[in-house]
Amino acid sequence: MAPQTETVTQPQSDTPIVGEVNRQMIVIMDFGSQYSELIARRIRETEVYSEVISYRTTAEQLATLNPQGIILSGGPNSVYDQGAPHCDPNIWNLGIPILGVCYGMQLMVQQLGGQVERAQRAEYGKASLLIDDPTDLLTNVENGSTMWMSHADSCTELPTGFEILAHTENTPCAAIAEHERKLYGVQFHPEVVHSVGGLALIRNFVYHICNCQPTWTTEAFVEEAIREVRAKVGDKRVLLALSGGVDSSTLAFLMHRAIGDNLTCMFIDQGFMRKYEPERLVKLFEEQFHIPVQYVNARERFLTKLEGVTDPEKKRKIIGHEFIGVFEEESSRLGPFDYLAQGTLYPDVIESADTNVDPQTGERVAVKIKSHHNVGGLPKDLRFKLVEPLRKLFKDEVRKVGRSIGLPEEIVRRHPFPGPGLAIRIIGEVTPERLRILRDADFVVRDEISKQGIYHDFWQAFAVLLPVRSVGVMGDQRTYAHPVVLRFVSSEDGMTADWSRVPYDLLEIISNRMVNEVKGVNRVVYDITSKPPGTIEWE
């Protein structure tokens, strides 16, 4: 049956966010899916606020959050596995619309009396969605649309009251619904870009099933953030860690608008910045933005602390700890300060969290990927109170906020740069010589893509230095020098990424420049790994 031709439009609303309590929200209960954060991101694209929460959140706790809708994520388990994560069965009686995705759908079926079994044929990758009921959840999702599958179990018997909305060649129950209670399930992943019509399905759930309004706007966030900062900080002084990236720069502009001269920006030069950046940063903020910056040269201190350290987690924690140490020392000289402002983002919080650890078994459903210097590296005895206005945002949302408050495009569109800087783009020990090599190599990459006018074609483009050497020939003489890895990726939000198909001519130019201009480099290689399975940064 062909889908209806009714147009699904995004509701228009001028209603501003008036506070945390009154904000409309969709919550994603995380069962360990690699896509849970992506679901949240897709909800945000509809201008409705979303958060990822633990699957152990009780129905009583959910009721206090007052969400307009609940989405159950996918996950790596089978619902019948011993110790498989299950949600509080009382959530089905809350009267809140629920959408189960993959494992979330199977869990819904199993807990409500249906049957889930190992499928005769597992289904991974693309599948054609054949629509049986084109209304409600599947309005404007075209019959035969490609959807992304990733499951070995299937629902073989539906609970009482449920009906099939769609199927695929291998999956009889690809989308299901119990319309009266507004319970829905899909066996595919509508949140991934491979699912054609996936965003339309999400919009249907958010707008027409949950009756949400698009109040999660840039302007509303800025108003709310300024209000919250003023309420929290009052007339106290705040120290801000400025790095020059879009996160800390947006934070500086936002905080300066909120508390004015009670903000002190401090740039700590830890020695891991890119070529020419420290000098340019201070000049830009003081002369163009008229925001004073306290410059601290701590290069030797950080290098000394990293002597002999090769483990990437240790590097991050040491750098994070030293940042706080320098802040505390410098604040004593300039202060006193009550608050430390940080540009922590939502992916930082999610990736750094040891979430969903079963209290009985100790098994972790969602695994910590890596510590971020502004989350995992903070000491427990931190004497500052933290203020983190951007903590709710994804990277692209920060860019929108930056633009709305007047941040120049050169900063708004600057490639993301890790807090620990070049220290985690040097695999192994960080030394002055390795820093010099990588700094010069990185400059070649940025200089060349800027000259060719394609800097903004990439989410990130940078060099990585490996702790090995290889034989080469230069001027009829044998060389024994380092290889440099080029890492160019495309992404929407940094949660997932694909390697960029860079023209061979550009790779050739960069390679030639590096081996000729950067002493200590005699080989250039290109990283063609996506995220997942890799990460964007090597460490």
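Before the first entry, a reminder on terms: axes are lines fitted to C-alpha atoms, for helices over the stretch in contact, and angles run from 0 to 180 degrees between N-to-C directions. I also kept in mind that this is a predicted model.

**Entry 1: the helix pair.** I looked up helix α13 (residues 432–451) and helix α14 (residues 504–517), and found that their axes come within 10 Å and cross at roughly 140°. The crossing of α13 and α14 is right-handed. Next I listed who meets whom: from α13 I noted Ala 441, Val 444, Val 445, Asp 447, Glu 448, Ile 449 and Lys 451, and across from them in α14 Leu 506, Ile 509, Ile 510, Arg 513, Met 514 and Glu 517. I sorted the residues of this contact into eight nonpolar and five charged, with no polar ones.

**Entry 2: the annotated site.** The UniProt record, an unreviewed entry, has a "binding site" annotation on Ser 243, Gly 244, Gly 245, Val 246, Asp 247, Ser 248 and Ser 249. Among these residues, Ser 243 and Gly 244 are part of the lining of the second largest pocket.

**Entry 3: two residues of helix α6.** Is Asp 247 buried or exposed? I found Asp 247 in helix α6 (residues 246–259), and its relative accessible area is 16%, so Asp 247 is buried, the cut-off being under 20%. Leaving out residues up to four places away in sequence, Asp 247 touches Gly 343, Leu 345, Leu 390, Lys 395 and Val 398.

Ser 248 also has its place in helix α6. Its relative accessibility is 6%, so I put Ser 248 down as buried.

Key
Residues numbered from 1 in each chain as written. Predicted model: local features only at pLDDT ≥ 70, side-chain atom pairs only at ≥ 80, totals over all residues. Heavy atoms only, no water. Helix = DSSP H or I, 4+ residues; strand = E, 2+ residues; numbered from the N terminus. Left-handed = near helix turned anticlockwise from the far one by under 90°. Contact = heavy atoms within 4.5 Å. Nonpolar A, V, L, I, M, F, W, Y, C, P; charged D, E, K, R; others polar. UniProt positions renumbered as here; feature names shortened; annotations may be inferred. 1 Å grid on protein atoms, 1.4 Å probe; cavity = no way out; pocket = protein on both sides within 12 Å on 5 of 7 lines; lining within 4 Å. Buried < 20%, exposed > 50% of the residue type's maximum accessible area, 1.4 Å probe, protein only.
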